[in-house]
Amino acid sequence: MFVRRTLTRSLGTGERYYSHRLVRSERAGGRVRQVTLLNLGPQFPLVPEHWPALCTRIDELLEGRRVSAARNGDPAVEREAQRLAAQLLARQAEPLPGSGDGQGAIESVVADSLELVRARSIGAEQVALWAAEQLQLADTLQALGMTQRQVLAALGMIVGRMAVPGAERATRRWWEERSAVGELLGVDFGAFGAMVLYRAGDSLLKRRKALEGQLFAQLQTLFELPPSEAIYDLTSTCFEGSLGGRPSSRAGLFKEAPGDWPPVTLGLVLDGSGFVRRSARFVGEGAVGPTLRTMLDGLGAPAGALVAMDQGVASEANLAWLRAHGYRYLAVSGGQARAYDPDRASDIHGTGAAMDLLKTLSKDGHEASLYCRSPERQAADEALAERRAVRLEAGLRRVAAGIAKPDGDRDLRTLTERIARLKERGGPVGQQYRVELVPDASGEHAVSLSWERQANSTGRGALPGTFCLRTSETDWHAERMWGTYVALADFHAALGSLRPGPGLGPVDRPGEECADAHLLVSVLACQCVQVVRRRLREEGIDGSWQTLRQILAGHCRVTVSFRRSDGQTLHLRASTRADPDQLAIYRALGIDSAPGAAQKTIV
């Protein structure tokens, strides 16, 4: 076996280029001929110096030999050998016979030759592909003019975003090294270069409007969605990375972004059921009013549309602009003084957790506020407050210890700034502390530090577990306001589960269009997530996508290799048995619990 580099010509363009093939010499009668085992393509990643070690390692894997000098060599050789050996085994594989009564074919093998190789995850992958099939995503992409290769890459990216959120490079590594999604789709993703992903993303972006419209129509049919009002949802977030350093990616700030991550606003047109009709990414463009107008115009929001906003976008100026221009709104309130009265609140259930709601009207009667409080959120808020208090007091003790040291930092101005930063990092808890620095006679140095935590009855954090919604829909009852908010929050929670950190995810190729394509893949993946979760809820399984993904992560495909008594090697490729939690998900979705056919290869 060896790698051959051949100069060839494109049939379409006539362009000459080098192609690589994995070749084996075979003797037929009195002649020796070379047989091509695999076409490795023009972009074969290994340099010629590594080709002999590669071929040796492929032979070892096929024959089930464990010891190899190449094993301690370049990891790239091992990865490529594993990939190519798997392809060769798959080409020679036969369906594993079995009658279902345990009386299948009997093989005589050497027990201590057992080796388990090429374990690849398959649980989240097959659930994601099930959702894509429900949406008829592949057929839609083909009908919109995407090539088969682009469709496969797009499906692979969407499945990757659902299973292991990350940038396109990370998705490509996951395809090659950790996932069996290629087996389910019948494609060798290891042969896909990075540009295949980028071009597929660009192709999706060009078809965004038609694609989102057709998918929403399919959702309406799939779930028999009743006609409902469109909600124009604006949420501020950020991308990890600089989007290629483009100035416009850093303009316009609706909320403070971590570090120098570029702030953006994600615009969505959502159905009342929490499915996406349209999406777009926006950056700030100067004054708040024109920016908000630009975003609503970009989403096609007519006069009188209902606009939903998170705390990062729902400034008083934005709400005033919406009222002045005839828009309705539903927003999460950030700085509004709270007037929650537990004696006047009503209890509701059936939304996942018990919740106390209190609706009030503004003095002019033009706005309604809904105060929402849950015991679960209260416990979480109180635990967070205590962690912040512990960190703040530890910082104050370090400052006090420094003042007490003979050579410690006593500069009053420096310490004042340091304490201010500690209180700022403490958030609402920092406002509860009264801190006193006692200066010396000169007024320039501190001689002592004391602090006291005061009861919080009116400031931020005074009512843990409580938050407020504001709306122009004064005639809505409390349950309707809460139900609309829950549908929106559920979608954003699902979208948040598809990013690796606080931001929307790293973008590893310069250019704003690349960020838009990355975001579109996330939105499409979120549609698939919502399809899965809605179907599972109908079957009594209610869990976040993070939880479902963790349950499915342990389901794998693996190759079991044995040396037979006749000296040949037996390779069995099959899926592991689903555990009870995985099996419950598969049964609820009507999915085979043993994805991918069991295959046998004898070398």
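Which residue stands opposite proline 95 in S19? In this predicted model, the residue facing proline 95 is glutamine 599 of S19. The two strands concerned, S4 and strand S19 (residues 599–602), run antiparallel to each other and are paired over two bridges.

This pairing belongs to an open sheet of five strands, arranged in the order S4-S19-S18-S17-S5 with antiparallel pairing. The edges of the sheet are formed by strand S4 (94–95) and strand S5 (109–121); each has a single partner strand, so one side of each has no neighbour in the sheet.

The sheet is one part of a chain that holds 17 helices and 19 strands. Of its 603 residues, 46% count as buried. When contacts between residues at least 6 apart in sequence are considered, 66% of them join residues at least 24 apart. The accessible surface of the chain amounts to about 29300 Å², and carbon and sulfur atoms account for 50% of that area.

Two helices illustrate how individual residues are placed. Helix H14 (residues 478–496) comprises 19 residues and spans 26 Å from its first C-alpha to its last, close to the 27 Å expected at 1.5 Å a residue. Helix H15 (residues 512–538) contains alanine 515. Alanine 515 has a relative accessible area of 0% and is therefore buried. Along the chain, alanine 515 and arginine 281 are 234 residues apart, yet their C-alpha atoms are separated by 8.8 Å.

The charged residues may be considered next. Side chains of opposite charge can pair when their charged atoms come close. Across the whole structure, a search finds 26 salt bridges. One of these joins arginine 57 to glutamate 60, with the closest N and O atoms 3.1 Å apart. Both residues lie in helix H1 (residues 51–63), and because arginine 57 and glutamate 60 are three residues apart there, about one helical turn separates them. An α-helix has 3.6 residues a turn, so residues three or four places apart point the same way. Arginine 57 and glutamate 60 are both buried.

The bridge links distant parts of the chain: arginine 470 belongs to strand S16 (residues 466–471), whereas glutamate 367 sits in the loop between strand S12 (355–361) and strand S13 (368–373), 103 residues apart. Both arginine 470 and glutamate 367 are buried. The pair also takes part in one network, in which salt bridges that share partners join Glu316, Arg323, Glu367 and Arg470.

Conventions
Residues numbered from 1 in each chain as written. Predicted model: local features only at pLDDT ≥ 70, side-chain atom pairs only at ≥ 80, totals over all residues. Heavy atoms only, no water. Salt bridge = Lys/Arg side-chain N within 4 Å of Asp/Glu carboxyl O. Helix = DSSP H or I, 4+ residues; strand = E, 2+ residues; numbered from the N terminus. Buried < 20%, exposed > 50% of the residue type's maximum accessible area, 1.4 Å probe, protein only. Contact = heavy atoms within 4.5 Å. Areas by Shrake-Rupley, 256 points an atom, 1.4 Å probe, with all protein chains shown as cover. Pairing = 2+ DSSP bridges. Expected span 1.5 Å × (residues − 1).
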